[in-house]
Amino acid sequence: METTGSKKKFSAGDIIMKQGEAGQSAYIIEEGRVDIVIETPDGKQQSVGTRGAGAMIGEMAIVDNAPRTATVKAVEDCILLEITSEDFARRLENTDPVLRMTTQVILTRYRDTLTRADITGAGKNWPPAEVIELSHAEKGDAVQNIKISNEFSAALKNGEVSLHYQPMIDLQTHQISGFEALMRWEHPERGFISPNIFIPIAEESGVIVEASEWALKESCKALRRMEQRTGRDRDLFMSVNFSSRDFVAENFVDSVYTTISESDVRPEQLHIEITERMLMDQPDHARETLNMCRKAGMDISIDDFGTGYSSLSYLNYFPIGILKIDRSFVSDMHSNEGSMALVKSIIGLGKNMKMKIIAEGVEHQEEAKSLKELGCDMAQGYYFARPMPEADVTKFIAQADTIEF
Ligand code: C2E
Ligand code: CA
Ligand code: CA
């Protein structure tokens, strides 16, 4: 970090503030983007969105020196305008008395609302973005969830929701083999809202069913366009995430099949990504559904593999073609022997069961190299590419036939 007057420069990756620490300043973002992450009570890191130019972060510090409610990290090089609590107090003292009083009243109510919500977990109806996201993520506020779910449903129709595509690299041939489609929601007032926030809400309300249909249709069309623009014909796949709600729908397989046929994508090009937990909710129904998908030619991928609680016997029961090693194991495979052992075991297990293995969350070259040596088939992660809009992915494929690592 570099300081010039009240401006502070942060480089991509720098931590700007840390959850739980005291802080005496708020910042206004002049340039760049930051990622806001909270640690939930059960110790999980949850991204709650990004903020760009014009947004204020860490404002609670100048209200009442409260500890930071989230960790904020620079995702790009950033220039931030610092507002210290003294600076804020001085400005307030020098301002028009009516403005001063109004500001003080608003700030006090803001703090009271937060404090009350902290104690009761009760609904709040005027909170700014961070408060909605944080309180929701921490407490699962029912009223707020209904509101978000309705807004998300409308957003699907009015173009606020888009898909980004993250390339998956074949570790043996170094070629791009396919993509995972990931939803993005850019709210006109709140900015980027993380799928970690809106997907669980959409699942709970059932809106996920229309969202998944939309994502499948969009990603299939995008796949065909990417193929046409890059001359890669029919050898790329698209991996689409589905939820339990999608699965229980009577016409799931028909609907998926119709969508891919209409967009002229071959069933072999579609990977259906589901989690272990989804299989366990209704095992018999899931098996029947997946068998039909498999018969039609689609592949089934188990997401976040290794984080579920279930026994391994289910691997035999369901027609699974791909295991995706959860990124928590990949990210510390070099610093934690247990994680390395798990990664090795999952790769071995996959080989024995004639399944393909994809490692998620590869952020460093040494992980890519080790995974290749261990015989892992494919990998995805920030080291190769972040999830990107269609135009950038097309450029990415067109630029290089193979990816060096
Ligand atoms: P997921 O299915 O496990 O997706 C992978 C997540 O890891 C994505 O987060 C991706 O951006 C992130 N990621 C990829 N590479 C790296 C890396 O190297 N390091 C780190 N730290 N993260 C990496 P994203 O896009 O925020 O999505 C979060 C979750 O939201 C997804 O987790 C998935 O469960 C859900 N989701 C996203 N899009 C959809 C969707 O269209 N349908 C459904 N049902 N769920 C979705
Ligand atoms: Ca996934
Ligand atoms: Ca995953």
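Let's start at the ligand. A backbone N or O atom of tyrosine 382 sits 2.8 Å from an oxygen atom of ligand 1. That is a polar contact, meaning a pair of N or O atoms within 3.5 Å; within protein, one must be able to donate a hydrogen and the other to accept it, and residues adjacent in sequence count only if both atoms are side-chain atoms. Taken alone, ligand 1 exposes 800 Å², and the protein buries 86% of that. Those areas come from the Shrake-Rupley method with a 1.4 Å probe; for residues, only the protein chains shown count as cover.

A word on the model. It is predicted, so local features need pLDDT of at least 70 and side-chain atom pairs count only at pLDDT 80 or more, while totals for chains, interfaces and linings use all residues. Residues are numbered from 1 along each chain as its sequence is written, chains are lettered from A and ligands numbered from 1 in the order written, and side-chain values use heavy atoms, leaving out hydrogens and water.

Back to the ligand. What else touches it? A nitrogen atom of ligand 1 lies 3.1 Å from a backbone N or O atom of methionine 183. The side chain of asparagine 241 has an N or O atom 3.3 Å from an oxygen atom of ligand 1.

Now the shell. There are 20 residues around ligand 1, each with a heavy atom within 4 Å of it. Arg184, Asp303, Arg327, Glu363 and Tyr382 come nearest. The shell divides into eight nonpolar, five polar and seven charged residues. Here Ala, Val, Leu, Ile, Met, Phe, Trp, Tyr, Cys and Pro count as nonpolar, Asp, Glu, Lys and Arg as charged, and the others, Gly among them, as polar.

Which element gives the largest share of the shell? Strand S11, with four residues. Helices (H or I, at least four residues) and strands (E, at least two) are DSSP runs, numbered from the N terminus.

Next, helix packing. The axes of H9 (residues 252–262) and H11 (residues 283–296) come within 9 Å and cross at roughly 25 degrees. Axes are lines fitted to C-alpha atoms, for helices over the stretch in contact, and angles run from 0 to 180 degrees between N-to-C directions. H9 and H11 are therefore roughly parallel, the term for angles under 35 degrees.

H7 (residues 208–230) and H9 also come within 9 Å, crossing at roughly 25 degrees.

Last, two loops. Arginine 234, between H7 and strand S13, has a positive phi of about 65 degrees, although it is not a glycine. Aspartate 264, between H9 and strand S14, has one of about 60 degrees.

Note on methods:
Angles under 35 degrees count as roughly parallel, over 145 as roughly antiparallel, 65 to 115 as roughly perpendicular and the rest as oblique.
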